[in-house]
Amino acid sequence: MRHIAILSMFLAIPMGVIAIGRLASAYQKYRFAYLKTLRSLWLIELIQLCLMLVNSYILTNVYDRFTSRAGVVSESLYRLVEASAHLLWVYLVLLLFLQLFNLKLAKITRHALFVTAMLLLVSILALTAYSIVDLTIYPVLMGYILIVLGAFIYVLFVGGNFFLFARRTADKTSRNILLQFGLFYFIPLAILLIMAFFHLFYTLDNDFLLLFSALHSSLIYALTLFYLNRFIRKYQVGVGDHHAEDDLLKSRFAAFNLTKREQEVVMLICEGKTNQEIADILFLSLLTVKGYVFKIFQKTRVKNRVQLSNLFNQL
């Protein structure tokens with residue numbers, strides 16, 4: 001089984017690189033924020049896959065991970081990176097959910113989540129340091145177990161809300177495509193966490209675990225490659241109402257980090273207004289308007305007003 005597991009891993013990694021590149025290309029084309037978040041999620045998945053390959057086969061053959069000092073240090077640091085990746089991964093799952101439904105968290109909720117994440121990170125750092133000093137892997141393993149369990153519960157919560165919001169979506173096309181998205185992505189993510197949690201309590205063969213992770217990642221990347229364009233077309237681009245256009249415009253404004261005043265200037269430029277006309281409409285001086293136009297060109301990386309109009313009129 002070892003050869004099959006390694007072969008599956010080396011097939012999954014190139015698929016991951018292609019899928020991430022496809023998401024990056026789609027983001028450059030459409031400027032939807034959720035594409036950037038999805039790209040970050042799969043990048044974390046790819047990094048974890050490579051780390052698992054290194055930890056399971058290369059480091060295991062060099063020393064005993066549970067008795068030698070080098071083994072304990074290596075395993076502790078590996079679990080620290082894995083736990084940190086899970087924390088970042090949980091944040092990105094929440095961000096993806098908010099972006100798909102155009103929702104925002106209350107300020108107090110954002111602060112509470114940030115403080116919780118920092119406390120968890122400090123705790124796992126302390127457990128890692130204790131494991132290295134005391135030459136025992138079990139403290140950091142216990143911290144890792146708690147984070148994986150918390151991540152699993154969190155994904156169930158976010159996934160449940162995702163399906164709830166999807167079912168409440170008024171547009172039938174968007175509703176169906178969102179439900180499919182949830183089935184394709186949230187359920188496999190939950191399964192992966194279950195497997196990670198199960199592995200900590202029951203000794204699973206490294207070959208089996210690596211094969212499962214490679215097949216799981218391959219499935220995720222394959223879905224991205226074959227399903228992404230359909231999702232974008234039907235959910236975001238193919239919805240022919242004003243709400244979809246407004247969402248797209250907001251996504252592009254956010255992607256270029258334009259201020260409200262800069263957004264107003266962009267809209268007037270797209271309407272064909274001159275700098276003097278914009279100054280008269282917004283009650284600004286001509287010099288101020290020229291300053292806004294210069295900043296907008298810098299942020300959007302366009303060279304003239306025609307390119308800027310084309311960028312924001314492709315809705």
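Author: Two rings of Phe, Tyr or Trp (its six-membered ring) count as an aromatic pair if their centres lie within 6.5 Å; planes under 30 degrees apart are called stacked, over 60 edge-to-face, and the rest tilted. The model is a predicted one, in which local features need pLDDT of at least 70, side-chain atom pairs count only at pLDDT 80 or more, and totals for chains, interfaces and linings use all residues. Residues are numbered from 1 along each chain as its sequence is written, and side-chain values use heavy atoms, with hydrogens and water left out.

Reader: Is Phe-162 buried or exposed?

Author: The term buried applies under 20% relative accessible area, exposed over 50%, and partly exposed in between (1.4 Å probe, protein chains only). Phe-162 counts as buried because its relative accessibility is 0%. Phe-163 has 22% and therefore counts as partly exposed. In a tilted pair, Phe-181 and Phe-231 have their centres 5.0 Å apart and their planes at 35 degrees.

Reader: Where in the chain do Phe-181 and Phe-231 lie?

Author: Helices (H or I, at least four residues) are DSSP runs, numbered from the N terminus. Phe-181 belongs to helix α6 (residues 172-201) and Phe-231 to helix α7 (residues 206-237); the pair links distant parts of the chain, 50 residues apart. Both Phe-181 and Phe-231 are buried. Ring pairs also join Phe-181 and Phe-231 into a cluster with other residues, among them Phe-32, Tyr-34, Phe-97, Phe-101 and Tyr-227.

Reader: At what angle do the axes of helix α4 and helix α5 cross?

Author: Axes are lines fitted to C-alpha atoms, for helices over the stretch in contact, and angles run from 0 to 180 degrees between N-to-C directions. Those of α4 (residues 107-134) and α5 (residues 138-168) cross at roughly 155 degrees and come within 7 Å. This makes α4 roughly antiparallel to α5, since angles over 145 degrees count as roughly antiparallel, under 35 as roughly parallel, 65 to 115 as roughly perpendicular and the rest as oblique.

Reader: Which residues of α4 and α5 meet?

Author: Contact means heavy atoms within 4.5 Å. Ile-124, Leu-127, Thr-128, Tyr-130 and Ser-131 of α4 meet Pro-139, Val-140, Gly-143, Tyr-144 and Ile-147 of α5.

Reader: Where is the place of Thr-169, and what is Thr-169 in contact with?

Author: Thr-169 sits in the loop between α5 and α6. It counts as buried because its relative accessible area is 18%. Leaving aside neighbours within four places in sequence, the contacts of Thr-169 are Phe-101, Ser-174, Arg-175 and Leu-178. Thr-169 and Phe-101 are 68 residues apart in sequence, yet 9.0 Å apart in space, C-alpha to C-alpha.

Reader: At what angle do helix α9 and helix α11 pack?

Author: Helix α9 (residues 260-270) and helix α11 (residues 286-300) pack at about 90 degrees, with their axes 10 Å apart. That angle makes α9 roughly perpendicular to α11. The residues making the contact include Arg-261, Glu-262 and Val-265 of α9, and Tyr-292, Val-293 and Lys-295 of α11.

Reader: In which helix does Asn-275 lie?

Author: Asn-275 lies in helix α10 (residues 275-282). With a relative accessible area of 17%, Asn-275 is buried. Leaving aside neighbours within four places in sequence, Asn-275 is in contact with Leu-286, Val-289, Lys-290, Val-293 and Arg-305.

Terms used
Helices (H or I, at least four residues) and strands (E, at least two) are DSSP runs, numbered from the N terminus.
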